[in-house]
Amino acid sequence: MPNRLAQETSPYLLQHAENPVDWWPWSAEAFDEARESGKPVLLSVGYSSCHWCHVMAHESFEDQETADYLNTHFVNIKVDREERPDVDAVYMEAVQAATGQGGWPMTVFLTPDAEPFYFGTYFPPAPRHGMPSFRQVLEGVHSAWADRREEVAEVAGKIVRDLAGREISYGGPEAPGEEELARALLGLTREYDAQRGGFGGAPKFPPSMVIEFLLRHAARTGSEGALQMAADTCERMARGGIYDQLGGGFARYSVDREWVVPHFEKMLYDNALLCRVYAHLWRATGSALARRVALETADFMVRELRTGEGGFASALDADSDDGSGKHVEGAYYVWTPEQLRDVLGDDAELAADYFGVTEEGTFEEGSSVLQLPQREGVFDAEKVESVKRRLLDARAARPAPGRDDKVVAAWNGLAIAALAETGAYFDRPDLVEAAVGAADLLVRLHLDDHAQIARTSKDGQVGANAGVLEDYADVAEGFLALASVTGEGVWLEFAGFLLDHVLARFVDAESGSLYDTASDAEQLIRRPQDPTDNAAPSGWTAAAGALLSYAAQTGAEPHRTAAERALGVVKALGPRVPRFIGWGLAVAEALLDGPKEVAIVGPSLDDKATKALHRTALLGTAPGAVVAVGTPDSDELPLLAGRPLVQDEPAAYICRNFTCDAPTTDPERLRSALNG
């Protein structure tokens, strides 16, 4: 008998619709039920491609005896953290404050007023490694609620008061300058893993936003060290098992320092950010590896994540059927020498050598994750291509990992920016078209008549949850990139609508700081506000970047002022924790550089000389430079106003901080002006 989750659009919630647990989605009705029945709330938060979420679901939530206990003593609420990042953020902050660590699945016990009083993450079905069993936890919480309710209420009240007192140390509304960015670079240098690339130890996450900062810093200052850290990290990741050597695309993180064994789930946001990073690395260095990885990652997103409606799905699962009916992590991606021999015959030895597949294996049970170890000697390129093709075909016959088909607005915004730029750089109009298709879906389905954005949709049906700051900011970022690439003013206009909401509903007028939820959003136990960049840019830093680009495109002073004030947090955090505010640092680089505004005018967008100037402008490395292209009489983009052709020739105008250079008709002069 399906529970209440059967009506939801979230693939994660639907995975639990057949559980014997009487789940509620997050809703006022669930808390009303808790108040009326006098029961505490069990809040369980996860997401569809989370390995340990699946494990706990199988061990506990599919178990009838556990479900009976839960249904008798608790009101049980299931939340998809990707649909409700605000709920996730508020309770994760409480979990981390109480236990010093967090993660998913997240298990929190609440009063009927949604105040938390006991926390954890994964609980096993039997006690192990010093962890109590889930049943022991449930019995302990039930007994405390039944016998010591006043004490529980006191604890919950104290936790909520402590959370309210945890205001972020916001440095004031002043953007960072040269000194803070130099100190951030120094901090990164200290944490850099010179042997293996990346920062810190295991587990290692792709530092895409930090790399954007390093590339921009190198472009603005000429710092060879910054460029080297970016290039070496990108090469190590692309050669590691974290990168899918057959199908393209990146896994979420590496469990080791060497990038060898990934946690195999593939997330849209990682691949969008990394696709853009590698495209920008190619733009800065001309690296053939960067070009290949950018294109393969873009192709992976379009091939494996694009939905029937033209948007992009959230994720591919880490686990899949290993052929025996058992769901195993990485089963789709790993190989044994014997499997190579079955598919490749005599070429198996070459493949094992090329991809680092060994008899003992680099993963579990003698299997290996494919990587590209640094090898002496030369491989026959044609033979390698043939091997890759045959392995990819053989892999396609394996049971594929599940796909989370929900379209998350913010992550689609990141994908639009990546595909638009990658398509433009490498003359792949199909990728630009894919970006336009996703942008069309967001406008058509996710935006209402007031340009308020819905967080998710699935199968063409819009979800009920309001967009949060990162949705407004990342979608605006995608639309701004699309405007620069296509010359279509409608994308700039839509970005403006979204950013007007940011100014009106997310900015604290007094301090200039930003909140993750709108002023008119559902009130939680506190209003979430996190400026740090984790797996994707925070809403705060993403908004600063989009506001700055929009101001450069339009001259809108309120947007520029808001961006500068928002960057105050980067001044405070950049020198102290640069690894966790990489996008904020990248935006600060753009502000220090201007950013430059480039207007390209020509008789038509199809004119050869106009196209050459436009391409040169897009390939400029000046941090955060914005580009407008069109005809002199066009009113599509504000930067084109009053820009005539030069002696009937297409021309480029470069401005910065209200000062413009003489226009040029020469792509080479434009290139040197934009590449410092």
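## Salt bridges

Asp193, Arg196, Lys204, Arg257 and Glu258 are joined in a network of salt bridges. A salt bridge here is a side-chain nitrogen of Lys or Arg within 4 Å of a carboxyl oxygen of Asp or Glu. Side chains of opposite charge can pair when their charged atoms come close. The whole structure holds 44 salt bridges.

This is a predicted model, in which local features need pLDDT of at least 70 and side-chain atom pairs count only at pLDDT 80 or more, while totals for chains, interfaces and linings use all residues. Residues are numbered from 1 along each chain as its sequence is written, and side-chain values use heavy atoms, with hydrogens and water left out.

Arginine 128 forms a salt bridge with glutamate 59, with the closest N and O atoms 3.7 Å apart. Arginine 128 lies in the loop between β5 (116–120) and α6 (134–147) and glutamate 59 in helix α3 (residues 51–61), so the pair ties together parts that are 69 residues apart in sequence. Helices (H or I, at least four residues) and strands (E, at least two) are DSSP runs, numbered from the N terminus. Arginine 128 is partly exposed at 32% relative accessibility, and glutamate 59 is partly exposed at 23%. Buried means under 20% relative accessible area, exposed over 50%, and partly exposed in between (1.4 Å probe, protein chains only).

Another salt bridge connects arginine 276 and glutamate 477 (3.0 Å, N to O). This pair links distant parts of the chain, with arginine 276 in helix α11 (residues 268–285) and glutamate 477 in helix α18, 201 residues apart. Arginine 276 is buried, with a relative accessible area of 11%, and glutamate 477 is buried at 11%. Glutamate 564 and arginine 560 also meet in a salt bridge (3.1 Å, N to O). Both residues lie in helix α21 (residues 557–566), four residues apart, which is about one turn of the helix. Glutamate 564 is partly exposed at 29%, whereas arginine 560 is buried at 18%.

## A buried leucine

Leucine 391 lies in helix α15 (residues 381–396) and is buried, at 0% relative accessibility. Leaving aside residues up to four places away in sequence, leucine 391 touches Leu246, Trp335, Leu340, Val343, Leu344 and Phe355. Contact means heavy atoms within 4.5 Å. The C-alpha atoms of leucine 391 and alanine 351 are 9.5 Å apart, although the two residues are separated by 40 residues along the chain.

## Backbone exceptions

Most residues other than glycine have a negative phi, and most peptide bonds are trans. The peptide bond from tryptophan 104 to proline 105 is cis, with omega near 0°; proline 105 is in the loop between α5 (85–99) and β4 (106–110). Alanine 202 and proline 203 are also joined by a cis peptide bond, with omega about -10°. Proline 203 sits in the loop between α8 (178–191) and α9 (208–221).

Alanine 451 is not a glycine, yet has a positive phi of about 60°. Alanine 451 lies in the loop between α17 (429–446) and β14 (456–458) and is buried at 11% relative accessibility. Aspartate 459 has a positive phi near 55°. Aspartate 459 is in the loop between β14 and β15 (461–462) and is exposed, with a relative accessible area of 51%.
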